[in-house]
Amino acid sequence: MSTLAEIPPVKHKREVIDQAVIRFAGDSGDGMQITGNQFTNTAALYGNDIATFPDYPAEIRAPAGTIPGVSGFQLHFSSNEVHTPGDAIDVLIAMNPAALKVNVADLKANGILIVNSDSFTENDLRKAQVTSNALEDHSLDKFRLFPVELERLTRRSLEHLGLDAKSMDRCKNFFALGMCYWLYNRSMEPTVRWIEDKFKNKPLLIEANKLALKGGYSYCEATEAFQISYEIPPAQLTPGLYRSMSGNQALALGFVTASQKSGLTLFQGSYPITPASDILHELSQYKDFGVMTFQAEDEIAAVTSAIGAAYAGALAITTTSGPGMALKTEAMGLAVAVEIPLVICDIQRGGPSTGLPTKTEQADLLQALFGRNSEAPIPVLAASTPADCFWVAIEASRIAIKYMVPVIILSDGYLANGAEPWRIPELSDIPDFPVTFATDPIGFQPYRRDPQTLARPWAVPGTAGLEHRIGGLEKQDPTGNINYEPLNHENMVRIRAAKVAAVAQEIPNELPAGDPEGDLLIVGWGSTAGSITSALKAQRAKGRKIGHLHLRYLNPLPSNLGDIFKRYKRILVPELNMGQLLWVLRAKYLVDAVGLNKIQGRPFKQAELEQKIEEMLGL
Amino acid sequence: MGTATLPPPLTKKDFQTDQEVRWCPGCGDYAILSAVQAVFPELGIKRENFVIVSGIGCSSRFPYYMNTFGFHTIHGRAPAVATGIKAIRPELEVWVATGDGDALSIGGNHTIHMLRRNVGIKVLLFNNKIYGLTKGQYSPTSELNKKAKSTPFGSLDRPFNPVSLAIGSEATFVARSVDVFQGHLKDTLKHAAAHKGSAYVEILQNCNIFNDGAWFSLTDRDARSEHVLQLEHGKPLVFGKNRDKGIRRKPDGDFEVVQLGNGITESDLVVHDMHHPRPSYAFQLSHMEHMTDFPTPIGVFRAWGNVPRYEDVMNQQVQNVIAKRGRGDLSKLLRAGDTWEVK
């Protein structure tokens, strides 16, 4: 019997290219997210710019081999700047017929298609609801097809370890990963380190996964499977120390930073919900930073416990997704009425109702802006990239404390789980924002306001002489006593609105990217930033006069927005919803802005944006 | 001498506010307010360390009338708000004022979870068996077939027994008192104040507008001793005008009412043990009022002090991690994991 080692290495051609998009697709149980994350980490460490798009089902384990069970992870890595995970893919790894069926349409013509041929039995085909075996029916002829017996080869690499068949098969994703590392000339070292850490107390599994990884690599090295391998040199990013960062991780780190910069204990009240739970997982690890995480009995207790913590003097946050936001609505109104600092994170997902728990959408904007009874304005900020979540967490905390208001952060599933290289900041570059609690009983009134911010004093329980009562009933200005008088109510409603409007003084004047004036202004918010940036670049390279404004502050809006609108002939507002920011801009500025709306649980493709831009430019 | 520098002791007046009390004349809430204002100065706690948190309902106006820190929150959520306060400031003395609708209907979830966690919060549950502030609908403690505004043909749902519910939720301190029994109420509140964990006190309270006389059989001067059994730790379960009736355990474990005399003495009766390690005894006590001819117990059903407070273990966990790992270094945290340098 010949072994891999006995096969003489074949000489391959190596080609230098500037970017590639790779997608790992398989069953939910095939470890595609881990595989994708490993490749991402390796590419990032090598110095490529990256953007990722994990796309997985809401079911933990849908029936194996079926269409609903397909889980995918897409990575765009490049020696240039990248802003999106890429429209079409160069390399697809399909672990079964269902994964092939779902994903093959996105593979470029002549793209590399690695297929686990061991999972194309009659039974596999039936589970994927395909009648014909794609490996035999020539339907894949326009691709560079590489059928690989992933299971048999993995088992052969591991046969001497004495593992059962199931455990050996669990390693086949790393065999495929090893092949991809060979294909792109990547070091296996970071993944080997990860394996050694992950299976710290299970030496047999360390050995098995390492062997599978190296098996895949050697397989390519030793066989004539690929005639060519690729080299994608590091990108020229701004100098500094980098790490790969996902949106949820960045939010967590941002809040820990805000806690230190404000000198306040961080309290998180939260209830598990996709795709926000990772923020709770992350922050619960940081007890050594004094972080208090409270997994509440429901979404309402999550926000109200945070309100209690804020009342007691903490930097309090609550993290959720759309359905949880709906449940927190009344409590947010309370936070508005009692005027205490609180940060509410909505990691948006497809809706309505339970909707698409693992898919991305931007359809909670109007809920964030208006979704409370009566006049209850709240500042709303949106993060635009995974790493931007870090900065938005700090900014939202700062505003909440400075203005004594609840602040909503909008992120989404795409930012939450997607990753990009993050240049790690120097802590000394982030300003402190220390808090002054009220302590002086002389002249103390709970609703006496700071003239610049209209913030009321933060008077925490335990402070002698400041005993006072607050609550959701209308307050008398400035005593805080219950008051039902008509004019007092109107006055208080206007004060609360003026206070939120005053946050506009925190917003630097907006400056559009691209052309400062011209034929078209694209106005976006949130996670569409990358797609819009890419589309803008491509279109401007063709000589088109286009600007791009990406709004971080959605309430209040930047003061100079109206002036900017006047400098362009037309305005395009692309959103992953039915046109919510569009609605706001049309109402507030009376501009004839046009929407591009996609509600498919997926981000925009660059091509979709470019097509709309050209249509609007009459091309 | 040194005593000259001590602040004068607090009095009941120190806990009264300048706000006009807006409960209906004759409401049982006045009696409860008065008892609390009388008890607070005796607890040896600084006034600024008291926080009263409430939800929505007549009882939840309570904080406005107490000259302490007060937070009138939203319907049913007071226990969750109070939990957040205690997490951050465990040393504060946090009391929740709530009602049967607030705590057991809309806020039922928070009530049971606060109790199972044993957060160090004192809960005053004003039970008048009716929705008062919304003008007279039946509540989750209203008796079956209650004819009220929303149930002209009678209510269809069986009521909660608030004491049973609390015991079933693993509450470590459960008591019951009555608005008009001022002495008993104050004693019960002091017991509750002394308890370290969650202390849950059901206060039978009369709504003289929408459910007048709901507790008449217990409060009527002539009838009360026949219908009320006052629980005293270490004492047999005796009641009756002439203290001639008692509760005896049957061979099958159930309770029975027995007439003392004819060879039956107090030594045959169940002796109250509020520190009983298992909740089943207190639960059985709480349920006997539903049986014909049985009295309604008041007093402390259960006081189980061996469970740590939630806010303490929560803060302790933070301290333990700090002791083990050292205080977190943010700069290191930001640089954690795999990093790479771009030159």
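Domain bounds here come from an automatic or database domain assignment. Chain A is divided into domain 1 (4–231), domain 2 (243–419) and domain 3 (513–616). This is a predicted model: local features need pLDDT of at least 70, side-chain atom pairs count only at pLDDT 80 or more, and totals for chains, interfaces and linings use all residues. Residues are numbered from 1 along each chain as its sequence is written, while chains are lettered from A and ligands numbered from 1 in the order in which they are written.

**Domains of chain A**
- The C-alpha centres of domain 1 and domain 3 of chain A lie 37 Å apart.
- Their contact takes five residues from domain 1 of chain A and eight residues from domain 3 of chain A. Two residues are in contact if their C-beta atoms, placed from the backbone, lie within 7 Å.
- On the domain 1 side of chain A, the residues that touch domain 3 divide into two nonpolar, two polar and one charged. Ala, Val, Leu, Ile, Met, Phe, Trp, Tyr, Cys and Pro count as nonpolar; Asp, Glu, Lys and Arg count as charged; the others, Gly among them, count as polar.

**The seven-strand sheet of chain A**
- Seven strands form an open sheet in the order β11-β10-β12-β13-β15-β14-β21 (chain A), with mixed pairing. Helices (H or I, at least four residues) and strands (E, at least two) are DSSP runs, numbered from the N terminus. Two strands pair if DSSP finds at least two bridges between them.
- β11 (292–295) and β21 (553–555) of chain A stand at the edges with a single partner strand each, so one side of each is left without a neighbour in the sheet.
- Neighbouring strands of this sheet are turned by 20 degrees against each other on average, direction ignored.
- Helix α9 (residues 247–262) of chain A lies across β10 (266–270), β12 (315–320), β13 (342–348) and β15 of chain A. α9(A) runs at about 170 degrees to β12(A). Axes are lines fitted to C-alpha atoms, for helices over the stretch in contact, and angles run from 0 to 180 degrees between N-to-C directions.

**Strand β15(A)**
- Seven of the seven residues of β15(A) are buried, so β15(A) is largely enclosed by the rest of the structure. Buried means 20 or more other C-beta atoms within 10 Å of the residue's own, with C-beta atoms placed from the backbone.
- P406(A), I408(A), L410(A) and D412(A) point one way, and V407(A), I409(A) and S411(A) the other way.
- β13(A) and β15(A) run parallel, joined by seven bridges. Q348(A) stands opposite D412(A).
- β14 (residues 380–382) and β15 (residues 406–412) of chain A also run parallel, joined by three bridges. V380(A) has I408(A) as its bridge partner.

- Chain B has eleven helices and 14 strands. Buried residues make up 44% of its 343 residues.
- The C-alpha atoms of chain B fill a box of roughly 95 × 60 × 50 Å, taken along the principal axes.
- The contact between the chains takes 50 residues from chain B and 59 residues from chain A. The largest share of the chain B side, eight residues, comes from α2(B).
- The chain B side divides into 22 nonpolar, 18 polar and ten charged residues.
- α2(B) lies across β10 and β11 of chain A, at about 150 degrees to β10(A).
- Strand β9 (residues 240–246) of chain A pairs with β14(B) in the antiparallel sense over four bridges. There, G240(A) stands opposite V342(B).

Terms used:
A residue is buried if 20 or more other C-beta atoms lie within 10 Å of its own, exposed if 12 or fewer, and partly exposed in between; C-beta atoms are placed from the backbone.
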